[in-house]
Amino acid sequence: MELREAFKLALQSLWANKMRSILTLLGVVIGISSVITVVTLTNGAKQFVTTKINSYGASVVTVTKTPQTFMTIEEYLSFQKRKDVTVDDYKAILDECKSCVSVGAARDSAGKVVYGTKSTTDTDIRGWTWTMPALSNLNIETGRSFTESEDEHSARVAVVGTDIVDNMLGSGDPLGKEIRVDGTPYTVIGVSEAQGKIMGQSMDNWVAIPLTAYLHSHGAHDSMTVYVDAGGGGEVLDGVSDQLRTIMRARRHLAPDSPDAFSIDTSATFQNFLGKILDSFGAVVVAIAGISLVIGGIVIMNIMLVSVTERTREIGVRKALGARRKDILLQFLIESATMALAGGVIGVIAGIAFPSTVELWSIVVSLFVATAVGLFFGVYPAYKAAQLDPIVALRSEL
């Protein structure tokens with residue numbers, strides 16, 4: 001029997017029992033979609049951490065009230081009891097940290113931006129010191145950032161992300177246009193380069209204004225983040241982190257045996273966090289995928305056994321007309337493999353629905369695994385069909 005004919009017969013058989021075929025696919029669909037989801041979310045997590053590291057720089061240290069990453073709600077609640085990181089803390093670090101190459105501070109909140117008749121209510125409003133663009137590795141594509149003097153005097157100037165230009169400011173030169181940020185007018189003096197999306201979330205929907213102007217309009221009642229460029233990694237980074245810890249502990253009047261009441265994070269923080277997430281998340285989902293594939297394979301085997309029983313007379317007729325054992329074996333193996341592959345395709349489609357980067361190799365491997373599952377669990381039913389005696393098969397009741 002030609003391979004093309006075997007595929008044609010297999011597809012005809014599956015199409016003749018559509019509902020049964022669909023139900024049979026569920027286990028494979030869940031397993032394959034789980035595999036794709038693991039890969040896409042893992043890539044998203046890696047991209048998130050890489051973006052964090054790249055945006056702050058490998059030599060940047062942050063001082064915050066709560067750590068950049070935490071694992072449980074209990075940890076979060078305990079961190080909320082700490083004192084806020086304030087402007088005075090920022091100024092103390094600026095004055096006392098002798099090894100710090102550059103120091104900046106930032107606060108942010110979701111706010112409303114209005115230009116003419118257009119507005120948005122979910123824009124990230126950032127209050128930045130004049131040093132923050134460099135500390136954030138932010139490149140200004142058009143115009144400039146605000147100066148130290150503008151920062152000190154609460155100038156009404158703003159740097160915006162590309163989403164603000166594309167969705168609100170429209171065509172023409174965006175520089176010099178006046179926008180209202182939470183009700184206060186600011187003049188656009190710079191536009192950053194596009195930063196793209198992470199996990200489907202745009203990184204370009206933001207407006208940055210001088211920190212002093214932000215504090216005047218939004219108040220100083222929330223904690224801020226202090227950013228420090230250590231000037232290098234390794235021992236240099238560790239040395240600056242120790243200086244920052246000393247300054248902050250002194251300001252908090254902490255006893256030598258007391259734990260820190262603040263958090264100091266570096267790029268290693270995000271890398272360690274990524275490792276914990278991927279270890280726990282990957283193990284769980286891979287186990288789910290494995291169990292689902294095994295269950296899907298068992299279901300395929302059972303359905304194929306039922307199919308062999310139902311088609312005993314058909315098998316007898318084919319053998320009487322000259323079909324060899326390997327022809328029958330091939331037909332049923334292709335049916336089980338095709339059924340599993342169809343489930344794999346549906347699983348891939350379901351898996352790539354997540355807003356993240358999908359690796360081509362994960363799709364290829366998933367479809368290969370799905371087909372292999374179908375072949376493995378289809379061997380016994382196919383062998384049973386191939387071994388049927390044609391005379392006995394022809395006597396089978398219709």
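Is F377 buried or exposed, and what is its relative accessible area? In this predicted model, F377 is buried, with a relative accessible area of 15%, which falls under the 20% that sets the limit for a buried residue.

**View 1. The tilted pair of W128 and W206.** A search of the whole structure finds 2 aromatic pairs, and one of them is formed by W128 and W206, whose ring centres are 5.8 Å apart. The planes of these two rings stand at 35°, so the pair is described as tilted. Because W128 belongs to strand β3 (residues 118-128) and W206 to strand β10 (residues 206-210), the pair ties together parts that are 78 residues apart in sequence. Both W128 and W206 are buried.

**View 2. The edge-to-face pair of F376 and F377.** Here the ring centres of F376 and F377 lie 5.1 Å apart, and the planes meet at 85°, so this pair is edge-to-face. F376 counts as exposed, at 62% relative accessibility, whereas F377 is buried.

**View 3. A charge over the ring of Y186.** The charged end of R156 sits over the ring of Y186, at 6.0 Å from the centre of that ring.

**View 4. Helix α7 and the glycine that follows.** The buried residues of α7 are T162, D163, I164, V165, M168 and L169. After α7 comes G170, which has a positive phi, near 75°.

Key:
Residues numbered from 1 in each chain as written. Predicted model: local features only at pLDDT ≥ 70, side-chain atom pairs only at ≥ 80, totals over all residues. Heavy atoms only, no water. Phe/Tyr/Trp six-rings, centres within 6.5 Å; stacked < 30°, edge-to-face > 60°. Helix = DSSP H or I, 4+ residues; strand = E, 2+ residues; numbered from the N terminus. Buried < 20%, exposed > 50% of the residue type's maximum accessible area, 1.4 Å probe, protein only. Lys NZ or Arg CZ within 6 Å of the ring centre and 35° of its normal.
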